[in-house]
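Visitor: I have a structure open and would like to go through it piece by piece. Can we start with one of the helices?

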Amino acid sequence: SGVFRMRLTLPADFPSSPPKGFFITKVFHPNVSTSGDICVNVLKRDWTSETTLRHVFMVIRCLLIQPFPDSALNEEAGKLLLEDYDEYDKRARLMTSIHGMSMAKRPTPTPLTTSGANAGGTSSSDTSKKEKDGGTEGASPTLKKAKSDQSKSVAAGGATSTMAKVKKGLKRL
């Protein structure tokens, strides 16, 4: 078992158009190309503007568990899966041991700013140190505003801050 990083890129006309999905971590799988592209219908012909990102992640997770070799982007993986499952399993496990990070080695993700972008570029260790110190030096303007709003919110009797709303929204994903 391993941790595989992937990226969904949302187009300007999202949710009218589907996001583009690809793995950053190398994966040996019939429905993932050697460059990381993901072949799944929910990101192509089955996309509707009502499709949620949660659903997209769930479908991709299911695809990793149950490959669909009939629409293989990685022909070698698809052929091995159909003709010699033991060899496919061996190769997939090898690739996972080489490229898939274990939970213990997984880096702590960089927290998102309230805009959803990591404009400040700070690492999670820098951010946690700044949070302990209470400062926002080097943080993005959006993060500074959220921290300022959070301070005002606490002073005004604990109304829900912008940062809390963002964190709550991200937890739902």
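**Helices, core and rings**

Guide: Ala77 is a residue of helix α2, which spans residues 75-83. The model is a predicted one.

Visitor: Is Ala77 buried or exposed?

Guide: Ala77 has a relative accessible area of 0%, so it counts as buried.

Visitor: What does Ala77 touch, leaving out residues up to four places away in sequence?

Guide: Ala77 touches Phe28, His29, Pro30 and Tyr88.

Visitor: And how far apart are the C-alpha atoms of Ala77 and Asp89?

Guide: They are separated by 9.6 Å, with the two residues 12 apart along the chain.

Visitor: Which residues of α2 are buried?

Guide: The buried residues of α2 are Ala77, Gly78, Leu80 and Leu81. Viewed down the helix axis, they fall within an arc of 165°, so they line one face of α2.

Visitor: What does the face turned away from that buried side carry?

Guide: That face of α2 carries the exposed residues Glu75, Lys79, Leu82 and Glu83.

Visitor: What do the buried residues of α2 pack against?

Guide: They pack against α3.

Visitor: OK, α3 then. Where do Tyr85 and Tyr88 lie?

Guide: Both lie in helix α3, residues 85-99, and they are three residues apart, about one turn of the helix. As a general point, an α-helix has 3.6 residues a turn, so residues three or four places apart point the same way.

Visitor: Is Tyr88 buried or exposed?

Guide: Tyr88 is at 7% relative accessibility, so it counts as buried. Tyr85 has a relative accessible area of 48%, which makes it partly exposed.

Visitor: What about Thr96, where is that found?

Guide: Thr96 is also a residue of helix α3. It is buried, with a relative accessible area of 18%. Setting aside residues up to four places away in sequence, Thr96 touches Ser1, Gly2 and Phe4.

Visitor: Switching to the aromatics. How many aromatic pairs are there?

Guide: The count comes to three aromatic pairs. One of them is Phe14 with Trp47, a tilted pair at 5.8 Å centre to centre and 40° between the planes.

Visitor: Which parts does that pair tie together?

Guide: Phe14 is in the loop between β1 and β2, and Trp47 is in the loop between β2 and α1, so the pair ties together parts that are 33 residues apart in sequence. Phe14 is partly exposed at 27% relative accessibility, and Trp47 is buried at 9% relative accessible area.

Visitor: And the tyrosines, what sort of pair do Tyr85 and Tyr88 form?

Guide: Tyr85 and Tyr88 form a tilted pair, 5.9 Å centre to centre with 45° between the planes. Together with Phe28 they form one aromatic cluster.

Visitor: Back to Trp47. What does Trp47 touch, not counting residues up to four places away in sequence?

Guide: Trp47 touches Phe14, Pro15, Ser16, Ser17, Pro18, Pro19, Asn41, Val42 and Val56.

Visitor: Which side chains of β2 point to which face?

Guide: The side chains alternate along β2, residues 20-23.

Visitor: Last one. Where does UniProt place the feature "active site"?

Guide: The UniProt record, an unreviewed entry, places it at Cys39. Cys39 is found in the loop between β2 and α1.

Visitor: Is Cys39 buried or exposed?

Guide: Cys39 is buried, with a relative accessible area of 16%. Leaving aside neighbours within four places in sequence, Cys39 is in contact with Asn31, Lys44, Leu63, Ser71 and Leu73.

Key: Residues are numbered from 1 along each chain as its sequence is written. This is a predicted model: local features need pLDDT of at least 70, side-chain atom pairs count only at pLDDT 80 or more; totals for chains, interfaces and linings use all residues. Side-chain values use heavy atoms; hydrogens and water are left out. Buried means under 20% relative accessible area, exposed over 50%, partly exposed in between (1.4 Å probe, protein chains only). Helices (H or I, at least four residues) and strands (E, at least two) are DSSP runs, numbered from the N terminus. Contact means heavy atoms within 4.5 Å. UniProt positions are given in the numbering used here, feature names are shortened, and annotations may be inferred rather than shown by experiment. Rings of Phe, Tyr and Trp (its six-membered ring) pair if their centres lie within 6.5 Å; planes under 30 degrees apart count as stacked, over 60 as edge-to-face and the rest as tilted. The arc is that of the directions from the helix axis to the C-beta atoms.
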